[in-house]
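Colleague: I have the model open next to the sequence. Could you walk me through it?

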Amino acid sequence: MLRWMQTITAKVLGIGLLALLMLIPLTQADGLVRERQSMRDTAALRVADGWGGPQTIGGFVLAVPTHSETRDAEGKLVGSRNDTEIVLADEQSTTANLTVEKRRVGMYEVPVYTGDVTLGGRILPDDLHRFADESGAAWAMDHAELRLLIADTRGLQHIATAIVDGKPVRLASSTARLGPYTVLSVPIAIDPARRTPLDYSVMLRIAGTESFSALPLARNNSVRIRSPWPDPSFIGALLPGTRHVDSRGFDASWQVLDLNRAYGQHWSASDDDVGKRLEPSAIGVTLYQPGSVYQQNDRAGKYGLLFIALTFVAFFLFEVLRGLRLHPVQYLLVGAAMTSFYVLLLALSEQIGFGPAYAVASAAVVLIVGGYALAALQARRAGLTLGGVLALVYAILYGLIGAEQYALLIGAVVLVAVVAVLMYLTRRIDWYAQGVPFNPTPDTP
């Protein structure tokens with residue numbers, strides 16, 4: 001048994017187990033990245049508490065009180081019900097111009113914005129009369145109100161104008177809610193005999209954090225969002241029909257029909273199921289931060305085990321090809337140095353940015369491992385070569401992190417190339433001859 005444990009087969013198995021053992025610190029480092037990301041998200045919530053959270057805004061909807069009665073076969077009243085009918089506009093346009101800045105909470109930066117939003121649209125009286133006839137209830141149109149939906153009223157900074165039917169109106173807070181959205185309302189009396197459209201327009205300034213969305217609350221909706229932010233991530237039920245994105249910002253437009261939604265042109269306010277379908281219909285943009293330090297740290301960690309294994313293979317090849325000898329404890333120390341790279345990278349990247357942090361952390365590990373190899377192997381050439389190989393490994397890793405769209409392709413090519421090099425270097429080794437215990441004499445330094 002002792003004789004077998006000294007064979008190269010046992011050595012290979014031992015190195016493989018040590019590589020797998022490195023999963024434990026790598027998993028801990030990954031958990032640390034997620035913890036720091038959670039702290040960053042907490043910082044974003046703190047900013048949102050004082051500035052306004054992710055905003056969603058919908059145009060005016062018309063809310064009309066209704067009354068219905070139930071009678072038996074003899075015409076005797078057996079029950080009645082009061083409700084509110086929600087009627088959507090025929091057409092609506094939403095334009096938002098977002099000005100973005102970054103707010104800091106400790107070491108964390110959070111993108112926030114102020115937006116000048118213009119809403120305009122019209123409600124058709126013909127819809128009111130048709131929906132009223134279909135419902136069979138009495139509609140109190142003289143007690144109707146227009147409701148403006150908004151996700152977070154803390155971010156409402158200013159209402160420049162609000163015009164309904166050619167007259168300025170004042171919006172007030174309302175206790176009513178539509179789904180998850182708060183409501184600003186204005187009372188309006190509609191003549192049942194009216195046949196002309198009810199036009200409205202609103203100009204307001206709104207503040208929010210990280211994302212802005214609009215609800216398609218009309219039969220025909222047009223939405224346009226512009227901002228100097230160069231990295232938008234379009235979100236919601238539909239992607240923009242037209243968009244222009246460059247280093248100076250983005251300009252995106254949507255055209256949405258009522259057929260693209262999961263709800264109709266009218267419903268009862270008591271219907272909670274419709275309220276739940278409002279939020280998924282929103283369309284908008286997130287102020288994406290490409291390659292944030294946590295995303296980059298997470299990508300780096302995904303390749304951790306692979307590169308530790310490659311480093312172990314490089315050390316093993318020196319043992320086989322150069323007749324050198326390393327103890328499993330020395331492999332374990334090399335693995336510990338390489339896993340510490342990820343913790344050092346995370347800590348530095350929060351302070352000085354990912355690029356400089358990567359250069360410092362990788363240089364530190366290359367010097368540590370290269371110097372250790374030089375001393376442990378007692379071979380200057382071996383130490384310098386292993387240090388160079390490790391530097392190349394970290395250079396490849398940095399390229400994989402930066403090439404977000406082509407990371408898989410590059411990684412696959414590199415992996416195949418590494419396997420080919422290993423096969424070439426070991427093509428003439430008689431592994432059966434290596435199956436006996438050996439006690440090589442190290443190279444002279």
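Modeller: The protein exposes about 22,700 Å², of which carbon and sulfur atoms supply 59%; accessible areas come from the Shrake-Rupley method with a 1.4 Å probe, and for residues only the protein chains shown count as cover. This is a predicted model, in which local features need pLDDT of at least 70 and side-chain atom pairs count only at pLDDT 80 or more, while totals for chains, interfaces and linings use all residues. Residues are numbered from 1 along each chain as its sequence is written, and side-chain values use heavy atoms, with hydrogens and water left out.

Colleague: How many helices and strands are there in the protein?

Modeller: There are 11 helices and 18 strands, taken as DSSP runs (H or I of at least four residues for helices, E of at least two for strands) and numbered from the N terminus. Buried residues, meaning those under 20% relative accessible area, with exposed over 50% and partly exposed in between (1.4 Å probe, protein chains only), make up 44% of the 445 residues.

Colleague: What about β12, is it mostly covered or exposed?

Modeller: Strand β12 (residues 211-215) is mostly covered, with five of its five residues buried. Ser 211, Ser 213 and Leu 215 are buried on one side, and Phe 212 and Ala 214 are buried on the other. In a regular strand the side chains alternate between the two faces of the sheet.

Colleague: And which strand do the bridges join it to?

Modeller: Four bridges join β12 to strand β18 (residues 283-287), and the two run antiparallel; strands count as paired if DSSP finds at least two bridges between them. The bridge partner of Ser 211 in β18 is Thr 286.

Colleague: Switching topic, where is Arg 170?

Modeller: Arg 170 sits in the loop between β8 (167-168) and β9 (172-178), and Arg 170 counts as exposed because its relative accessible area is 74%. Leaving aside neighbours within four places in sequence, Arg 170 is in contact (heavy atoms within 4.5 Å) with Ser 185 and Val 186.
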